[in-house]
Amino acid sequence: QVQLVESGGGLVQPGESLRLSCVASGYIFSIVAMAWYRQAPGKERELVASRTSGGSVNYAEFVEGRFTISRITGGNTVDLQLNSLTSEDTAVYYCNVRAYTTPRDWGDYWGQGTQVTVSS
């Protein structure tokens, strides 16, 4: 199995920044992609940003250049830098990893989530 541990959430004021980090461990043969999702109260979980092992990056429209997803090539850690936060960014942020655990078997794995609260 693959385990994901997120860190870095917290309470900040509008306009401030946070950096989220997610570490994947366990029986990982190779990682296909790493991503961050978020879920606000009463809303569905939505993609924030993703990065494939090949380096392709995708951001949700609402990011508007404020967030940056990063991963050291070949590493099992994915970070999400959150800048210019607004109250609309308040949500639980989840790390997601698509990985092969054997040369044939792959799955989608989720972290437990980390709370980001933006409030004055």
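Me: What counts as a pocket, and which residues line the largest pocket here?

Reply: A pocket is an open set of grid points with protein on both sides within 12 Å along at least five of seven lines, and lining residues have an atom within 4 Å of a point. Rolling a probe the size of a water molecule over the atoms shows where empty space is left. In this predicted model, the largest pocket is lined by Arg38, Gln39, Ala40, Pro41, Lys43, Glu44, Glu46, Glu88 and Thr90. Its volume is about 160 Å³.

Me: By class, which residues make up the lining of the largest pocket?

Reply: Five are charged, two are polar and two are nonpolar.

Me: How many disulfides does the structure hold, and why is the disulfide left-handed?

Reply: A disulfide is a covalent bond between the sulfur atoms of two cysteines. The structure holds one, joining Cys22 to Cys95 with an S to S distance of 2.1 Å. The torsion about that S-S bond is about -80°, so the disulfide is left-handed. Cys22 sits in strand β3 (residues 18-26) and Cys95 in strand β9 (residues 91-100), so the pair ties together parts 73 residues apart in sequence.

Me: Is Cys22 buried or exposed?

Reply: Buried means under 20% relative accessible area. Cys22 is at 0%, so it counts as buried; Cys95, also with 0%, is buried.

Me: Which residues have the most contacts inside the largest nonpolar core?

Reply: Leu4, Trp36, Val48, Leu80, Leu82, Tyr93 and Val97 do, in a core of 29 residues. Strand β9 gives the largest share, five residues. As for Leu4, the residues it touches include Cys22, Cys95, Val97 and Trp110.

Terms used: Residues numbered from 1 in each chain as written. Predicted model: local features only at pLDDT ≥ 70, side-chain atom pairs only at ≥ 80, totals over all residues. Heavy atoms only, no water. 1 Å grid on protein atoms, 1.4 Å probe; cavity = no way out; pocket = protein on both sides within 12 Å on 5 of 7 lines; lining within 4 Å. Points joined across faces, edges and corners; volume = space filled by probe spheres on them. Nonpolar A, V, L, I, M, F, W, Y, C, P; charged D, E, K, R; others polar. Disulfide = S-S within 2.5 Å. Helix = DSSP H or I, 4+ residues; strand = E, 2+ residues; numbered from the N terminus. Buried < 20%, exposed > 50% of the residue type's maximum accessible area, 1.4 Å probe, protein only. Core = buried A, V, L, I, M, F, W, Y, C linked by side-chain atoms within 4.5 Å. Contact = heavy atoms within 4.5 Å. Lists of a residue's contacts leave out its neighbours within four places in sequence.
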